[in-house]
Amino acid sequence: MTHYFETPTGDDRRRRIDVRFWDTDWTFTTAAGVFSGDGLDLGTAVLLRTHTPDSASRRILDLGCGYGVLAVAAASAAPDARVDAVDTNERALALTRLNADAHGVGHRVHATLPEDADPDARYDEIWSNPPIRIGKEALHALLLHWLARLAPGGVARLVVGRNLGADSLQRWLGEQGYRCDRTASAKGFRVFEVAPLVSEPSSD
């Protein structure tokens, strides 16, 4: 079985979906074989309903971008920002580029495989509905890798299902030395704001 975080090989069966957030109507092209290809997933909707990027941000990461909703939203809200959209699914990356072009932000949204991202980039903001289903060990490695790229004073916003281990993830992030605050909770999802490392990780 192909998972949404792997590049699918079958027919993409593209479709258009209409969504609304930030008092704005948006249209995105989705496809089979990508995360939540039938519509805006509930977790991302909660994240967008409760938070907006800082318009002054200059470098933003959409981690696990899917077909690019958060990347397009961030680029639209922060008009001077470069947005790096990272995913392991190349079909998702192609859709992100398509959707960014359709919304007039394609020149500032750079969709790429993780290994091709700029290793020197430091992010004012990281936005993510992280791929919980890759497993705890892989998820922890993913978050440690990318959260280390927060710029001083930066913030990561993560939305995680309560029944998928949100509270234990918050505790774990704290044990790694990150300040992790719950800033919203709705529809069975938690939204966390994560600040750069403030202490050495726990030795436990």
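**Calls on a predicted model**

Author: In this predicted model, a side-chain polar atom of Asp-62 and the backbone nitrogen of Ala-71 are 3.0 Å apart.

Reader: What makes that pair, the backbone nitrogen of Ala-71 and a polar atom of the side chain of Asp-62, a polar contact?

Author: The cut-off for a pair of N or O atoms is 3.5 Å. At 3.0 Å the pair falls within the cut-off, so it counts as a polar contact.

Reader: Where is Asp-62 found, and which residues is it in contact with, leaving aside its neighbours within four places in sequence?

Author: Asp-62 belongs to strand β3, residues 59-63. With those neighbours set aside, its contacts are Leu-70, Ala-71, Asp-84, Ala-85, Val-86 and Trp-127.

Reader: How do you know that Asp-62 has no salt bridge?

Author: The nearest side chain of opposite charge is that of Arg-157, 12 Å away. A salt bridge needs a distance within 4 Å, so buried Asp-62 has none.

Reader: Why is Arg-108 also said to have no salt bridge?

Author: For Arg-108, which is buried, the nearest side chain of opposite charge is Asp-80 at 6.7 Å. The limit is 4 Å, and therefore this pair is not a salt bridge.

Reader: Which backbone oxygen does the side chain of Arg-108 reach, and where does Arg-108 lie?

Author: The side chain reaches the backbone oxygen of Ala-78 at 3.1 Å. Arg-108 sits in the loop that runs between α3 (90-102) and β5 (109-112). Beyond four places in sequence, its contacts include Ala-75, Pro-79 and Val-83, as well as Asp-80.

Reader: Why is Ser-128 called buried?

Author: Its relative accessibility is 0%, and buried means under 20%, so Ser-128 qualifies. Ser-128 is part of strand β6, and a polar atom of its side chain lies 2.8 Å from the backbone oxygen of Leu-63.

Reader: What is in contact with Ser-128, leaving aside its neighbours within four places in sequence?

Author: Ser-128 has contacts with Leu-47, Leu-63, Leu-70, Arg-157, Leu-158 and Val-159. Leu-47 is 81 residues away from Ser-128 in sequence, while the two C-alpha atoms are 8.9 Å apart in space.

Reader: How do you know that β6 and β7 pair?

Author: Pairing needs at least two bridges, and β6 (residues 123-128) and β7 share five in the parallel sense, so they pair. Ser-128 stands opposite Leu-158 of β7. Between the two strands the chain passes through helix α4 (residues 136-147), and this β-α-β crossover is right-handed.

Reader: Which strand does β7 pair with in the antiparallel sense?

Author: Strand β9 (residues 189-194) pairs with β7 in that sense over six bridges, and Val-191 of β9 stands opposite Val-159.

Reader: What makes β7 mostly covered?

Author: Of the twelve residues in β7 (residues 150-161), ten are buried.

Reader: Is Lys-187 buried or exposed, and where is it found?

Author: Its relative accessible area is 60%, and exposed means over 50%, so Lys-187 is exposed. Lys-187 is in the loop between β8 (180-186) and β9.

Reader: What is phi of Lys-187, and what is phi of Arg-13?

Author: Lys-187 has phi near 55°, a positive value in a residue other than glycine. Arg-13, not a glycine either, has a positive phi of about 45° and lies in the segment before β1 (15-21).

Terms used. Residues are numbered from 1 along each chain as its sequence is written. This is a predicted model: local features need pLDDT of at least 70, side-chain atom pairs count only at pLDDT 80 or more; totals for chains, interfaces and linings use all residues. Side-chain values use heavy atoms; hydrogens and water are left out. Buried means under 20% relative accessible area, exposed over 50%, partly exposed in between (1.4 Å probe, protein chains only). A crossover is right-handed if, with the strands pointing away from the viewer, the path from the first strand over the helix to the second runs clockwise. Lys and Arg count as positive and Asp and Glu as negative; His and the chain ends are not counted. A polar contact is a pair of N or O atoms within 3.5 Å; within protein, one must be able to donate a hydrogen and the other to accept it, and residues adjacent in sequence count only if both atoms are side-chain atoms. Contact means heavy atoms within 4.5 Å.
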